[in-house]
Amino acid sequence: MTTLTVNGRRQTLEVAPETPVLWALRDTLGLTGTKFGCGAAQCGACTVHIDGQAMRSCVTPVAAVEGRAVTTIETVTGGSDPVGNAVRDAWVRHDVAQCGYCQSGQIMSATAFLRSRPKGSQPSAAEIDAAMAGNLCRCGTYDRIRAAVADAARALA
Ligand code: FES
Ligand code: FES
């Protein structure tokens, strides 16, 4: 049994301690917005926030996040998070998604990046690219992602 705090709710799960957070979220809690891509911390599709930091849930065991706050795409884009709202709206304005598979991970990395910056600061293209480098997109939406992150930063300034 493992006790996790997911999207602000404390939950006790009947999973082994070595279970990756990704599968606890998807299979046990039904939070399927977080995606499986590579399972090896190489693609970013499974990105969630652990205490506000973007982390790869496919290689993070539940035992490592006991007592820490796990936040998923369902909360970040659910309407009550100003940074998540700004990123989601910018994503829509720039029509970022193509097949969509990588996009929840992209948004989780983008929101963690924008939260980590001084309020009102505008990131450079190079800073955005560095922050998003761990998130791959087979559809090649990188230009739109870069534009949307910059636009979200302007909206939050
Ligand atoms: S599924 Fe976790 S990084 Fe690819
Ligand atoms: S939108 Fe298809 S993989 Fe990124």
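Guide: Two strands are said to pair if DSSP finds at least two bridges between them. The model shown here is a predicted one. By this criterion, five strands form an open sheet with mixed pairing, in the order β2-β1-β5-β3-β4.

Visitor: What makes β2 and β4 stand at the edges?

Guide: β2 (9–13) and β4 each have a single partner strand, so one side of each lacks a neighbour in the sheet. From one strand to the next, the twist averages 40 degrees.

Visitor: How do you know that β1 and β2 pair?

Guide: The criterion asks for at least two bridges, and β1 and β2 are joined by five bridges, in the antiparallel sense. Within this pair, Thr5 stands opposite Arg10 of β2.

Visitor: What is the order of helices and strands along the sequence?

Guide: The protein chain has six helices and five strands, which follow the pattern β-β-α-β-β-β-α-α-α-α-α.

Visitor: Why is the radius of gyration of the protein chain said to agree with a compact globule?

Guide: For 157 residues the globule rule gives a value near 15 Å, and the protein chain has 15 Å; therefore the two agree. Along the principal axes, the C-alpha atoms fill a box of roughly 45 × 30 × 25 Å.

Visitor: What makes α4 mostly covered?

Guide: A residue is buried if 20 or more other C-beta atoms lie within 10 Å of its own. In α4, 12 of the 13 residues are buried, among them Ile107, Met108, Phe113 and Leu114. For the protein chain, buried residues make up 40% of the 157 residues. The cover over the buried residues of α4 includes β3 (47–50), β4 (53–56), α3 (82–93) and α6 (142–156). The helix lies across β3 and β4, at about 35 degrees to β3.

Visitor: How do you know that the span of α4 is close to the expected one?

Guide: Helix α4 (residues 103–115) reaches 18 Å from its first C-alpha to its last, and 18 Å is expected at 1.5 Å a residue.

Visitor: Which residues touch the most other members of the largest nonpolar core?

Guide: In this core of 40 residues, they are Val21, Val87, Ala110 and Ala152. Helix α4 gives the most to the core, with six residues. Beyond its neighbours within four places in sequence, Val21 is in contact with Val48, Ser57, Thr60, Val62, Val65 and Val70.

Definitions and conventions
Residues numbered from 1 in each chain as written. Chains lettered and ligands numbered in written order. Predicted model: local features only at pLDDT ≥ 70, side-chain atom pairs only at ≥ 80, totals over all residues. Helix = DSSP H or I, 4+ residues; strand = E, 2+ residues; numbered from the N terminus. Expected span 1.5 Å × (residues − 1). Contact = placed C-beta atoms within 7 Å. Rg over C-alpha atoms; globule rule 2.2 N^0.38 Å. Core = buried A, V, L, I, M, F, W, Y, C linked by C-beta atoms within 7 Å. Axes fitted to C-alpha atoms, helices over the stretch in contact; angles between N-to-C directions.
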